Amino acid sequence: MAAVSNTFENVKATILSAHESVTSGEKVNFYNSWAENYDQDVAVLDYRAPSLAANSISSHFRGDREAAVVLDVACGTGLVARQMKRHGFGHFVGIDGSEAMLTLARESELYQDLNQSMLGEGPLPVQKGLFDVVVIVGALSAGQVPVNVVRELCKATKPGGHVCMTTRSNLKNVEYKAALEHELKQMEDEGLWTCVEVAEVEDWERAVSEQENGYISGVVYLYRKLQL
Ligand SMILES: C[S@@+](CC[C@H](N)C(=O)[O-])C[C@H]1O[C@@H](n2cnc3c(N)ncnc32)[C@H](O)[C@@H]1O
């Protein structure tokens, strides 16, 4: 059953409780328990990352959107596919570690295929070089998806296809963000992809930590995979 809209203080308490989850498995368990309220709660946080990522992809994608195959990594309940559908994309495959989030993604009827998989524990469970767009939103951050997964995202992408990634720029994520940007640059130096856009967004989402007020900032990265 859909939950009623939560207060900001309650949502903040929920997110802060997630900080007790140390391992990826514990984090995914947290999402299992949050799944039913996730969409309503992130709306309270003014969470705009799915629409910001979809806007970035839409501004740079050239080609047949209906025919394009999109891999939504850490798809959660399906907020990214919902936003991309508004831009004319119609074929989605999703991956997530949380069975409860995947159940809601399945109910959205947006995805042709959904797979349960822990990211960072090996190759992605998809065919390499197949996807026109690979997107990961809200999951590249400290304690969630390890940085080295971005190489797997690139492997899943067609030559000429796009990889869109987001991360937060808040205090807790400073080290992770630096490691992520180092890896993105390293892969560019290796000739795997080229940077299309890096968009820094000030009002990313409402801050929930004790050290920050107002809104935290975040980043959308868009890369194009090169022909090898
Ligand atoms: C903040 S949600 C983002 C969901 C969706 N992309 C969105 O923007 O609404 C993070 C998602 O990443 C998944 N996740 C986090 N760490 C993971 C991991 N190591 N392996 C697989 N899934 C993971 C969680 O289960 C959750 O669904």
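Predicted model: local features only at pLDDT ≥ 70, side-chain atom pairs only at ≥ 80, totals over all residues.

Residues are numbered from 1 along each chain as its sequence is written.

By that count, the protein chain has 7 helices and 7 strands. Reading from the N terminus, their order is α-α-α-β-α-β-α-β-β-α-β-α-β-β. The radius of gyration of the protein chain is 17 Å, close to the 17 Å that the globule rule gives for 228 residues, so the chain is as compact as a globular protein of that length. (The radius is taken over C-alpha atoms, and the rule is 2.2 Å times the number of residues to the power 0.38.) Along the principal axes, the C-alpha atoms of the chain fill a box of roughly 50 × 35 × 30 Å.

How do the parts of the chain meet? Call two residues in contact if their C-beta atoms, placed from the backbone, lie within 7 Å. Of the contacts in the protein chain with a separation of 6 or more, 72% are between residues 24 or more positions apart.

A residue is near it if the residue's C-beta atom, placed from the backbone, lies within 6 Å. There are 23 residues around the ligand, and Ala74, Gly76, Gly97, Ser98 and Gly138 come nearest. Helix 2 (24-44), helix 3 (49-60) and helix 4 (79-86) are the elements that give two or more residues to this shell. Helix 2 gives the most, with 4 residues. By class, the shell has 14 nonpolar, 7 polar and 2 charged residues. Here Ala, Val, Leu, Ile, Met, Phe, Trp, Tyr, Cys and Pro count as nonpolar, Asp, Glu, Lys and Arg as charged, and the others, Gly among them, as polar.

Stay with Ala74 for a moment. Ala74 lies in the loop between strand 1 and helix 4, and its phi is near 60°, a positive value in a residue other than glycine. Is Ala74 buried or exposed? A residue is buried if 20 or more other C-beta atoms lie within 10 Å of its own, exposed if 12 or fewer, and partly exposed in between, with C-beta atoms placed from the backbone. Ala74 counts as buried because it has 24 C-beta neighbours inside 10 Å. Compare Glu109, in the loop between helix 5 (99-108) and strand 3. Phi of Glu109 is also near 60°, but Glu109 is exposed, with 8 other C-beta atoms within 10 Å.

Helix 4 is the next stop. Its buried residues are Leu79, Val80, Ala81, Gln83 and Met84. They pack against helix 2, helix 3, strand 1 (69-73), strand 2 (91-96), strand 3 (111-116) and strand 4 (131-136). Just after helix 4, Gly88 takes a positive phi of about 100°.

The largest nonpolar core has 63 residues, and Ala53, Val73 and Val135 have the most contacts inside it. (Such a core is a set of buried Ala, Val, Leu, Ile, Met, Phe, Trp, Tyr and Cys residues joined through C-beta atoms within 7 Å.)

Back at helix 2, look at its partner, helix 5. The two axes come within 7 Å and cross at roughly 35°; axes are lines fitted to C-alpha atoms over the stretch in contact, with angles from 0 to 180 degrees between N-to-C directions. Tyr31, Asn32 and Ala35 of helix 2 meet Glu99, Ala100, Met101 and Leu104 of helix 5.

Finally, two single residues. Val150, in helix 6 (residues 149-156), counts as buried because it has 25 C-beta neighbours inside 10 Å. Not counting residues up to four places away in sequence, Val150 touches Met165, Glu183 and Leu184. Asn115, in strand 3, is partly exposed, with 14 other C-beta atoms within 10 Å. With neighbours within four places left aside, Asn115 is in contact with Ile95 and Pro125.
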